[in-house]
Amino acid sequence: MKFFKEFKEFAVKGNMMDMAVGIIIGASFNKVIDVLVKKIFMPPLSLMTDGLNYQDKRYILREAVTNKNGEVTTQEVAIYYGELFEAFLDFLIVGLTVFLVVKAMNRLRAKSHDTKDKTVTTPKDIELLSKLSDLMEEQNKLLKSKADINSK
């Protein structure tokens with residue numbers, strides 16, 4: 001029973017749920033990027049290169065051997081550099097997309113933490129810390145002016 005109780009606590013914790021949501025969104029994001037690369041970017045790139053299909057590009061190390069009946073007796077050995085190119089393009093697109101999303105999120109976060117910007121609601125904890133900081137600066141100025149008066 002203790003095992004099930006521990007598992008329940010683990011499964012219900014926010015971190016596990018956040019991770020599950022992240023994995024699901026990541027899988028969906030991967031599908032979007034896959035379509036973006038294969039159906040949006042690669043056709044124009046292939047058109048610019050005169051109908052070249054990058055997935056078929058390979059460097060053959062050993063040709064396939066067939067017998068008189070046309071059956072393959074020895075498989076072809078090849079380096080598929082075209083697939084590497086597509087994977088690299090996927091990586092660049094994913095990296096650029098993630099960079100743009102994180103950059104936008106950081107901009108929104110910075111905007112929400114700016115207490116002087118009234119277009120975005122500042123979180124209460126940031127607002128309180130800002131007020132506390134302003135009060136401390138004001139108090140320091142008062143103490144400094146009193147010290148200057150007393151020293152004269």
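## Terms and model

Buried means under 20% relative accessible area, exposed means over 50%, and partly exposed lies in between (1.4 Å probe, protein chains only). By that scale Arg58 is partly exposed, with a relative accessible area of 34%.

This is a predicted model, in which local features need pLDDT of at least 70, side-chain atom pairs count only at pLDDT 80 or more, and totals for chains, interfaces and linings use all residues. Residues are numbered from 1 along each chain as its sequence is written, and side-chain values use heavy atoms, with hydrogens and water left out.

## Overall layout

The protein chain has four helices and four strands. Both are DSSP runs numbered from the N terminus: helices are H or I with at least four residues, strands are E with at least two. Along the sequence the pattern reads α-α-β-β-β-β-α-α. The chain is more spread out than a compact globule, because its radius of gyration is 31 Å, well over the 15 Å that the globule rule gives for 152 residues. That radius is taken over C-alpha atoms, and the globule rule is 2.2 Å times the number of residues to the power 0.38. Along the principal axes, the C-alpha atoms fill a box of roughly 110 × 60 × 30 Å.

Buried residues make up 11% of the 152 residues. The chain exposes about 13200 Å², and carbon and sulfur atoms supply 64% of it. These areas come from the Shrake-Rupley method with a 1.4 Å probe; for residues, only the protein chains shown count as cover. Contact means heavy atoms within 4.5 Å. Among contacts between residues at least 6 apart in sequence, 36% join residues at least 24 apart.

## The nonpolar core

In soluble globular proteins, nonpolar side chains tend to be buried together. A nonpolar core here is a set of buried Ala, Val, Leu, Ile, Met, Phe, Trp, Tyr and Cys residues joined through side-chain atoms within 4.5 Å. The largest one has six residues: Ile33, Val37, Met42, Tyr54, Leu89 and Ile93. The largest share, three residues, comes from α2.

Ile93 is one of the six core residues. Leaving out residues up to four places away in sequence, Ile93 touches Ile33, Leu36, Val37 and Phe41.

Glu86 sits in helix α3 (residues 81–113). Glu86 is buried, at a relative accessible area of 7%. Beyond its neighbours within four places in sequence, Glu86 contacts Val37, Lys38, Met42, Asn53, Tyr54 and Gln55.

With neighbours within four places set aside, Asp90 is in contact with Ile33, Asp34, Val37 and Lys38. From Asp90 to Ile79 the C-alpha distance is 19 Å, for eleven residues of sequence separation.

## The salt bridge

The structure holds one salt bridge. The term means a side-chain nitrogen of Lys or Arg within 4 Å of a carboxyl oxygen of Asp or Glu. Here the side chains of Glu76 and Arg58 meet, at 3.1 Å from N to O. Glu76 lies in the loop between β3 (72–74) and β4 (77–79), and Arg58 in the loop between α2 and β1 (59–62), so the pair ties together parts that are 18 residues apart in sequence. Glu76 is partly exposed, at 27% relative accessibility.

## The aromatic pair

A pair of aromatic rings is described by the distance of the centres and the angle of the planes. Rings of Phe, Tyr and Trp (its six-membered ring) pair if their centres lie within 6.5 Å; planes under 30 degrees apart count as stacked, over 60 as edge-to-face and the rest as tilted. The count comes to one aromatic pair. The rings of Phe3 and Phe4 have centres 5.7 Å apart and planes at 75 degrees, so this pair is edge-to-face. Phe3 is exposed at 61% relative accessible area, and Phe4 is exposed at 58%.

## Two exposed helix residues

Val12 lies in helix α1 (residues 2–12). Val12 is exposed, with a relative accessible area of 58%. The C-alpha atoms of Val12 and Asp134 are separated by 40 Å, and the two are 122 residues apart along the chain.

Arg107 belongs to helix α3. Arg107 counts as exposed, at 56% relative accessibility. Arg107 and Leu52 lie 40 Å apart, C-alpha to C-alpha, and 55 residues apart in sequence.
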